[in-house]
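Have the viewer open while you read.

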Amino acid sequence: MKITFDCPDKINGLLTMTIESADYQEQVEKTLKNYRKKAQVPGFRPGMVPMGMIKKQYGTAVKVDEINKLMGEKLYEYIRENKIQMLGEPLPNEEKQVPQDFEKDGDLTFVFDIAVAPEFKAELTAKDKIDYYKIKADDKLIDDQVQMYQSQAGEFVKADVFSGNDTITGDLRELDAEGNTKDGGITTEGGMVMPAYIKDEDQRKLFDNAKPGDIITFNPKKAYPESDAEVAALLKVDKEQVKDLTADFSYQITEIRHFQPAPVDQKLFDRVFGEGTVKDEQEFRQKIADSVAPQLQQNSDYKFMLDLRAYMEKKVGDLQFPEALLKRVMLQNNKDKGADYVEKNFEGSIKELKWHLIKEQLVAANEVKVEDADLKSVAKDAIRAQFAQYGMSNVPDDVLENYAAEQLKKRENVENFVDRAVDVKLTEALKKVVKLTEKEVSLEDFNKLMQEK
C-alpha cells in the first residue's frame, strides 16, 4: 500500500492511496472460505460448495467490503500518525478520482480531498486583560427573589371587588341585536376571564371595580381580536363556532379571586430552606444571597468566556479556510437541506469552527481534562438549577446524586455534560492565566450588558 499527501497551500489537502492486491487478497480469501462453510446450495452438502461458485457469487462484494474496511482504517491511521488536523470527513476528489474496476485483480487508486485546519497559535498570558463582571446580590435582587418565593407559595382568595390581576368567573349568555338573551345562543357556565390580559382597552375597562353578582355586557371577539382559540376557551366551544361570532354577551360574575402572595414568615422560611434552617427575615435574606451566589458566578463566568472569545478571535485575526471544500463537507452532512442551506449558514459555521479551533488549543495548553467527578458535578448543577426553577432550593444532596446518576446513564446527556465540564474547567483555568479587570455590577446592569451582545 502506498499513501501520499500533498497540501501546498496548507489547507486544501490531497491524499492518494494505492491499494495493492496483496493488501487485501488474504482477507478476501479468508472471508470467502467462511462463506463456503455456511453456504446453503441445493445439490451440495454444507461446506462442500465449489469455491469457484462462491467466488462467482460473492467474490466482488466481499472484495469491495474488505477494501472499504482497509481503506478507512489506513486512511485515518495515516492522518493520525502524521498529525493532520482534518476538518470534517475526507471526500472523493471530483477531478482526479477515476472509476475503479473491482472485477479485475490489481492495484486500486483512491484520491481524497482533505480539508486541513489553518495553522495559527492561540496563546494567553498575564499580559492579556479581560473584564470580569462580578454580580452583587443587592437589595433589589434579593427583594425579587423574596417576591418569587412569596408568589410560589401564594394562593387565590375570594375578593369583594375586582382589581389588578384578579381572576373572574361567571356565566355567559349570548345576546341578540336588541340586547336580549338569544334563543338557542351560546350559554356558558363558569367562564373564566383575566381582564388584565384582554387586548381591547374598552372591553378591559368594563370590569373596573366589578363585584360578584354584577352583570356586564361585553364582546368576546373584541376582547380577543387576534385569537379565536381564547374566545373558544372562554365560551367552552369549538373554534369553528366562534369563527364568525360578532355578538355581545352578558356576563354575570359569580366569583372574583385575588392572588395573595404568601407572607414573609416562618412558614415561608421553612418551605424554601427547610424546617428550622432560617429563624428570621434577616437570616432569610442572607440565605437567599448565599444561595444565588453560585448562579451569579456562573453568569459572570459565562460573560467572561463570551468576552474572552471575542478577544481571542480578534487576537488570532483572520484565518484562511478551504471554503469550497468545507461547503462540500457541509452539504454532505446536510443532504436533506440542500445547497441553499449551506450558503445561508456557512459564514456562521466558519465562525463557530474558528472558535472551536482556538478553544482546542486553549484546552490543550491548560491541560484541561474531564474526570468522572467533573461530569457528576455539572450534572448535579444542572439538576439543582431545574429544581430551583420550581422554588426548591433545599434539595438533599443524595437526591441530586441519584438524579445525576440516572442522567449520566444516557449517552446523549453525557456528551452535553462533557462539553459543559470542559467549559467549566477551562473557564477556571483561564481566569488564573489572564489579568482580570473586576467590575462589580447589579444584576439589572449585567442583563443590560448581555443584551448588547
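## Salt bridges and the pocket

Let's start with Arg-309, which pairs with Glu-313 in a salt bridge, with 2.9 Å between the closest N and O atoms. Keep in mind that this is a predicted model. Both Arg-309 and Glu-313 sit in helix H9, four residues apart, or about one turn of the helix. Are these two buried or exposed? Arg-309 is buried, and so is Glu-313.

Asp-423 makes a salt bridge with Lys-359, and here the closest N and O atoms are 2.4 Å apart. Since Asp-423 lies in helix H14 and Lys-359 in helix H11, the pair ties together parts that are 64 residues apart in sequence. Asp-423 is partly exposed, with a relative accessible area of 25%.

Back to Arg-309 and Glu-313 for a moment: together with Lys-351 and Glu-352, they belong to one network, joined by salt bridges that share partners.

Then there's helix H2 (residues 51–81), which holds both Lys-74 and Glu-77, three residues apart, about one turn of the helix. Their side chains meet in a salt bridge at 3.8 Å, N to O. Lys-74 counts as partly exposed because its relative accessible area is 25%, which falls between the 20% and 50% cut-offs. Glu-77 is partly exposed too, at 24% relative accessibility.

| Salt bridge | N to O distance |
|---|---|
| Lys-74 and Glu-77 | 3.8 Å |
| Arg-309 and Glu-313 | 2.9 Å |
| Asp-423 and Lys-359 | 2.4 Å |

How many salt bridges are there by this rule? The count comes to 28. As a general point, side chains of opposite charge can pair when their charged atoms come close.

The largest pocket holds about 1,600 Å³ of space. It is lined by 50 residues, and those closest to its centre are Pro-294, Gln-295, Gln-298, Asp-381 and Arg-420. Which helix gives the largest share of that lining? H9 does, with 15 residues. Helices that each supply at least two lining residues include H3 (139–152), H9 (281–316), H11 (338–365), H12 (372–389) and H14 (411–433). Sorted by class, the lining has 22 nonpolar, 13 polar and 15 charged residues.

Technical notes. Residues numbered from 1 in each chain as written. Predicted model: local features only at pLDDT ≥ 70, side-chain atom pairs only at ≥ 80, totals over all residues. Heavy atoms only, no water. 1 Å grid on protein atoms, 1.4 Å probe; cavity = no way out; pocket = protein on both sides within 12 Å on 5 of 7 lines; lining within 4 Å. Points joined across faces, edges and corners; volume = space filled by probe spheres on them. Nonpolar A, V, L, I, M, F, W, Y, C, P; charged D, E, K, R; others polar. Salt bridge = Lys/Arg side-chain N within 4 Å of Asp/Glu carboxyl O. Buried < 20%, exposed > 50% of the residue type's maximum accessible area, 1.4 Å probe, protein only.
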